[in-house]
Amino acid sequence: MSEMNENPLDILPEVLLAASAVLGLLLGAWLPRRRQWLVGLLAAVAASAGIVATAVAAARPDVTAFGEAFTVDPVTSTSRIVVLAAVLLVLALFARPFHAHARESETYVLLQLSALGALVMAGAQDLLLLSAGYLLASIPAYTLAGFRKDGPGTEAALKYYVVGALLGVLMLAGITVLYAVGRATGYPSLGPTLSEAPEGLVAAGAVGLLAGVLFKAGAVPAHFWVPDAVQGSTAPVAAFLTTIPKIGALAALLRLGEAVLADSGMPWPEVVAVIAAASMALGNLAAFFQDDVKRLLAYSTISQVGYLLLPVAVTGRSDLAQPALLYYLAAYAVTNLGAFAVVCALPRATRLADYRGLARRAPLLAASLVICLLGLVGTPPTAVFVGKLEAFSAAIDGGYTWLAILAAINTVASLFYYLRWIGPAVSRGNGAALTDGDRSARGVAYAAALISVGLGLAAGPVLPALGSSLAT
């Protein structure tokens, strides 16, 4: 049992983000429109301070806080660093498109609140806190998806909200059933009691609970909102929707599998393995036929969730599961944001053919795009290559060799649609749509490509730090 205390400093990164959001909302009420970028700067300071606080806390023993509802362990610490670092990159993507926008300050506030929800989900050790994190991560994101206030933006927000509301209700129903049969909502108390509860009721509650968490992860069968929400929202918002909420959701799934459902009598590994296989296959199959770059990346993120679920399926069966997932989350986040940064840098290039001639007009941006897309495939020496290798190893070590083989086949197949984008980018063309570049987005693309390669090269010392046991 981890040491328990009620020190608010244990949740300092979350407190900083919440305080920045509240203060930003107040500042936005009286700052002139041209000065509302200060709210974004405040958000960046809060995220940076949160990373520093996380690094300091990570050197201490694992602790639980507030009645063991929230735990600070390597899963929480890694999720904090990845989420807050991703927030910094997304803030840079937001800088130009929302500058002097009528709702610029609200944009930064909603971004922080949704990221805060992802952090709560990652550290939650109680079903009620998990549901609160789900709502906090979802409601601001619905608003961000509809910020364009045009036809596609309205459709994106509506589909995102309807699916989220439906699956959120199922999640709450599942939590109710699990509470009824387990007589507790805290993971340390709930896990042992579920092993003696009726298997049918446990399975029904677990399916409802999974419905909500899989929605935030964007996994099959809760993936229907992803393509339309990503295509209909602005590119910076799409980058956010496909990255930060997934981190909290997948960390929550890892913790649920380890502490609650692994010994419940429900076939947890088999269920997660089937979801992983379906996400990989359907995401890749749908991406083959896409011509819109945002829609292609949307289906790509669905397939990536399938790979990320491999270590979740073998949680408790393999010691490689936790470090594999945490490392892969960091690798995916920076690489996916890098690909979307290129899309943000070229707002007029919406189709694959629009990128023709990019290598001639913007060679560094083209190189960043190639690195990030090949990184998503899993090409060495990028970080996703190491992440996939660790995920495949965990699956084999946990007895799911067939799932690792299926993931390898899907990885090879995914190269086809990424090359459909890389081909025009490195070929000759007039590049008529490759104008009006966003300099801040270009900077994010360059930085993400470098970090992806650097993290891949630094995998040796990073992975051992992610392997400590989950707090229970």
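This report covers a helix, the nonpolar core and the aromatic contacts of one structure. The model is a predicted one.

**Helix H11**

Helix H11 runs over residues 244–261 and has 18 residues. From its first C-alpha to its last it reaches 25 Å, close to the 26 Å expected at 1.5 Å a residue. Because 17 of the 18 residues of H11 are buried, the helix is largely enclosed by the rest of the structure.

**Nonpolar core**

The largest nonpolar core has 166 residues. Within this core, the residues with the most contacts are Leu130, Leu309, Tyr355 and Trp421. Helix H14 (residues 321–345) gives the core its largest share, 19 residues. In soluble globular proteins, nonpolar side chains tend to be buried together.

What does Leu309 touch, leaving aside its neighbours within four places in sequence? Leu309 is in contact with Ala219, Leu250, Leu253, Val272, Ile275 and Ala276.

**Aromatic pairs**

The structure holds 14 aromatic pairs. One of them joins Tyr160 and Trp225, and its rings are stacked. Tyr160 lies in helix H6 (residues 151–182) and Trp225 in helix H9 (residues 225–232), so to speak of sequence, the two are 65 residues apart and the pair links distant parts of the chain. Both Tyr160 and Trp225 are buried.

Trp225 also pairs with Phe215. This pair is tilted because the planes of the two rings stand at 55 degrees, between the limits of 30 degrees for stacked and 60 for edge-to-face. Phe215 belongs to helix H8 (residues 199–217), ten residues from Trp225 in helix H9.

| Pair | Centre to centre | Angle between planes | Arrangement |
|---|---|---|---|
| Tyr160 and Trp225 | 4.4 Å | 20 degrees | stacked |
| Phe215 and Trp225 | 5.4 Å | 55 degrees | tilted |

Why do Phe215 and Trp225 count as buried? Phe215 has 0% relative accessibility and therefore counts as buried; Trp225, at 3% relative accessibility, counts as buried too, because the cut-off is under 20%. Ring pairs link Phe215 and Trp225 into a cluster with Tyr134, Tyr142, Tyr160 and Tyr161.

**Charges over rings**

Two contacts between a charged end and a ring complete the account. The charged end of Arg103 sits over the ring of Phe147, 4.8 Å from the ring centre. The charged end of Lys388 sits over the ring of Tyr307, 4.0 Å from the ring centre.

Technical notes: Residues are numbered from 1 along each chain as its sequence is written. This is a predicted model: local features need pLDDT of at least 70, side-chain atom pairs count only at pLDDT 80 or more; totals for chains, interfaces and linings use all residues. Side-chain values use heavy atoms; hydrogens and water are left out. Helices (H or I, at least four residues) and strands (E, at least two) are DSSP runs, numbered from the N terminus. The expected span of a helix is 1.5 Å times one less than its number of residues. Buried means under 20% relative accessible area, exposed over 50%, partly exposed in between (1.4 Å probe, protein chains only). A nonpolar core is a set of buried Ala, Val, Leu, Ile, Met, Phe, Trp, Tyr and Cys residues joined through side-chain atoms within 4.5 Å. Contact means heavy atoms within 4.5 Å. Rings of Phe, Tyr and Trp (its six-membered ring) pair if their centres lie within 6.5 Å; planes under 30 degrees apart count as stacked, over 60 as edge-to-face and the rest as tilted. A charge sits over a ring if NZ of Lys or CZ of Arg is within 6 Å of the ring centre and within 35 degrees of the ring normal.
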